[in-house]
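Dear colleague,

Please find the structure below, handed over for your use. My findings follow directly after it.

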Amino acid sequence: MPKHLFLALFILLLNACNPPANRQDRIDLKVDSLLALMTLEEKIGQLSLYTSDWDVTGPTMREGYKEEIRKGRVGAIFNAFTARYTRELQRLAVEETRLKIPLLFGYDVVHGHRTIFPIPLGQAASWDLKAIEEADRIAAEEAAAEGLHWTFAPMVDIARDPRWGRMAEGSGEDPYLGSRIAEARVRGFQGQGLGQLNSVMACVKHFAAYGAAQAGRDYHSVDMSERMFREVYLPPYAAAVHAGAATVMTSFNDYDGVPATASKYLLTEVLRNELKFEGFVVSDYTSVMELIPHGVASDTASAAALALQAGLDMDMQAGFYQSALPQLVASGKISKELIDQSVRRILRKKFELGLFDDPYRYSDTIRERTTIMKPEYLDKAREVARKSIVLLKNESVLPLSKNLGTLAVIGPLADARREMIGSWSAAGDWTKSVTLLEGVRAAVSPATKVLYAKGSNVNDDSTSYFQQALRIARQSDAIILAVGESASLSGEAASRSSLDLPGVQQQLVDLIQQTGKPVVVVLMSGRPLTINAMAQRVPAILETWFLGTQAGHAIADVLFGDYNPSGKLPVTFPRSVGQVPIYYSMKNTGRPLDVNSKYTSKYLDVDNSPLYPFGYGLSYTTFAYSDPVLSTASLRAGDTLAVRVNLTNTGSREGVEVVQLYVRDLVGSVTRPVMELKGFQRVSLKPGERKEVTFFLTYKDLEFCRIDGSFGTEPGQYLVFVGGDSRDVRQAAFDLL
Ligand code: BGC
């Protein structure tokens with residue numbers, strides 16, 4: 001009997017006589033017995049992921065890849081969904097290969113699968129963890145029903161440079177908010193756990209620090225202090241891993257001179273040893289191949305060896321593992337144990353998903369038909385979308401009456417169906433999205449006449465649509481003006497050097513505003529834009545990101561007051577691109593701003609302050625805060641500090657306020673940010689109603705990377721701030737003993 005067969009039988013026998021008590025141990029035993037049967041080629045197959053192509057019918061597989069599957073040389077396929085298609089591929093793996101190991105199917109389900117939710121930056125503006133979790137739960141339900149096992153989300157990269165187009169895919173600039181959202185999203189995707197038919201594996205990306213690309217140029221180098229990395233960029237990945245994320249994706253960038261895909265420091269020391277990550281790591285697309293242009297590998301073999309040795313388990317699309325690992329093992333440069341370790345991690349997930357019991361269990365045509373875009377999913381998409389809208393300015397224009405005589409809806413994004421679902425909208429069908437114009441028409445009274453003009457294109461110099469826009473503006477009682485970016489101006493490989501409105505849109509805004517009619521700007525964008533001129537002249541502005549399938553209805557809900565806006569910016573809006581990176585938790589410097597003193601830290605041509613600060617967003621009602629009251633003036637180890645404020649709705653409408661808690665450590669062994677978010681709560685209040693809001697702070701919340709690199713606290717004075725954004729706060733002080 002061949003040795004491996006004997007080993008497998010032995011393990012199985014052992015298993016049968018003495019079955020392990022817990023599920024994980026049972027899975028490990030099965031993995032070991034399967035591993036003992038596998039050839040090196042089959043093992044390397046498990047470490048290889050290939051992509052499907054596309055044609056009009058949806059995803060398709062080229063013959064060459066099908067042949068590879070039949071030979072057991074493929075472990076996973078991406079861009080693979082629909083029950084029919086995934087069944088067809090799975091059949092090749094489980095009926096035509098020697099060992100019948102099922103394939104994993106992955107896809108970028110970034111903000112919804114068929115029912116599209118707001119882009120992640122927009123969802124972050126809701127500060128509503130429950131709503132975000134529910135959105136990803138629905139995405140998982142839809143994706144899993146189409147045969148998917150795995151989403152390449154959440155992206156949890158902190159981003160402080162809006163030139164970087166991928167800011168749209170993350171949760172903004174702050175590690176605390178980013179971490180809470182990262183956890184919520186992992187919970188949303190993975191639900192009750194792997195193996196449930198409505199759960200998909202999450203893939204936290206992009207590890208690590210991808211959001212700090214120099215000059216905001218995508219894929220560019222990242223270089224930062226270890227302190228900055230650990231305090232700001234690492235926490236959301238850590239939070240996602242601790243929430244149980246099944247997989248992690250590397251990033252394209254180099255970090256401190258080493259491309260992430262070849263970084264033993266990131267993939268093994270930090271991810272495995274420190275964060276205790278136990279799932280598997282996949283490369284970002286062809287990032288194993290990209291080790292060559294990065295200049296750390298000279299050929300396929302050295303790239304594959306570097307990546308595997310660093311801790312990269314699965315090679316996406318480069319095919320380098322497949323072509324180089326056999327020879328690397330034969331020559332003794334790579335040990336079989338190293339290969340086995342990665343194969344084990346991947347097989348474990350296949351067992352956890354239940355694929356060895358039934359490889360077709362997720363690819364269910366009936367479930368697919370009955371799960372996709374259910375009415376309740378659309379309702380939830382509308383709810384999340386309206387919660388994501390941020391009211392930036394309102395000089396008594398909003399909400400609009402539904403009974404206006406004539407209403408003009410103008411702008412290149414007013415009737416732009418394709419744009420509504422954003423730049424990474426998975427299998428979303430843009431033809432099913434609701435435009436702003438449709439949302440407005442559905443909301444107003446039958447007597448209101450709604451006029452529409454495009455006004456301009458998003459991004460060219462033509463002014464030929466101006467006159468028509470002006471004509472209808474003059475005939476109307478109010479104007480809704482939809483301007484901003486097209487969806488493809490943000491997302492991957494969509495960096496910009498300017499944050500201004502593209503094309504001639506600012507001219508269009510000026511022209512319309514000069515009519516003297518009430519104008520509401522509905523801004524759409526995947527990033528903060530520099531909108532000073534507009535902010536000065538236009539009476540009302542709503543930031544609506546790209547809100548997904550139900551965009552038009554959600555915006556109309558806010559425009560006409562059916563929903564009182566509650567969104568708050570998850571990222572700072574600069575006045576000028578020259579201020580970037582600009583974020584609320586900056587350091588004070590040794591020469592903090594003094595406008596009367598030249599030699600202080602400032603610009604000569606623009607104020608230091610942002611146009612709209614982090615955490616900012618208005619409501620149709622107003623809220624008043626009391627000063628915070630602390631449960632103690634001195635916090636000891638093991639104690640908890642309660643911070644209490646009274647919040648009153650001083651306006652005439654019911655509304656939700658996102659109450660934010662920040663702290664400042666006044667003196668440390670290293671310089672500390674002027675403010676750090678440490679808590680937030682969404683509080684709903686009726687007109688005139690008052691509620692006490694309480695936050696609890698512990699030692700743990702005040703830890704930072706001290707001068708010796710260790711995490712912990714230092715005694716000293718702290719300030720606590722509470723308010724409705726990072727600028728407008730009330731404060732109290734305490735000592736940390
Ligand atoms: C992106 C990833 C994505 C992958 C697969 C890459 O180009 O950076 O975020 O998951 O493609 O689509």
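In strand β25, R690 is the bridge partner of T648. The strand β25 covers residues 690–698, and its antiparallel pairing with β22 runs over nine bridges. Two strands are said to pair if DSSP finds at least two bridges between them. Helices (H or I, at least four residues) and strands (E, at least two) are DSSP runs, numbered from the N terminus.

Please note that this is a predicted model, in which local features need pLDDT of at least 70 and side-chain atom pairs count only at pLDDT 80 or more, while totals for chains, interfaces and linings use all residues. Residues are numbered from 1 along each chain as its sequence is written, and side-chain values use heavy atoms, with hydrogens and water left out.

Strand β22 itself spans residues 640–649; seven of its ten residues are buried, so the strand is largely enclosed by the rest of the structure. Here, buried means under 20% relative accessible area, exposed over 50%, and partly exposed in between (1.4 Å probe, protein chains only).

Elsewhere, five strands form an open sheet with parallel pairing, in the order β6-β5-β4-β1-β12. Its edge strands, β6 (150–151) and β12 (315–316), each pair on one side only. Within this sheet, β1 (residues 48–51) and β4 (residues 76–78) are parallel and share three bridges; L49 stands opposite A76 in β4. Strands of a sheet pair through backbone hydrogen bonds, either parallel or antiparallel.

Turning to the ligand, the residues around it are F78, D108, F152, R166, K205, H206, M249, F252, D284, W424 and E492; a residue counts as near if one of its heavy atoms lies within 4 Å. This shell divides into five nonpolar residues, one polar and five charged. A polar side-chain atom of R166 lies 2.7 Å from a ligand oxygen atom. For E492, an N or O atom of the side chain is 2.8 Å from an oxygen atom of the ligand, and for K205 the corresponding distance is 2.9 Å. Taken alone, the ligand exposes 310 Å², of which the protein buries 93%; these areas come from the Shrake-Rupley method with a 1.4 Å probe, and for residues only the protein chains shown count as cover.

Helix α14 (residues 336–352) has 17 residues and should span 24 Å at 1.5 Å a residue, which agrees with the 24 Å between its end C-alpha atoms. The expected span is 1.5 Å times one less than the number of residues. Twelve of the 17 residues of α14 are buried, including I339, V343 and F351. After α14 comes G354, with a positive phi near 80°.

Helix α9 (residues 226–242) contains R230, which counts as buried because its relative accessibility is 16%. The R230 side chain makes polar contacts with the side chains of E226, at 2.7 Å, and Y265, at 2.9 Å. A polar contact is a pair of N or O atoms within 3.5 Å; within protein, one must be able to donate a hydrogen and the other to accept it, and residues adjacent in sequence count only if both atoms are side-chain atoms.

With kind regards

Technical notes
Nonpolar A, V, L, I, M, F, W, Y, C, P; charged D, E, K, R; others polar.
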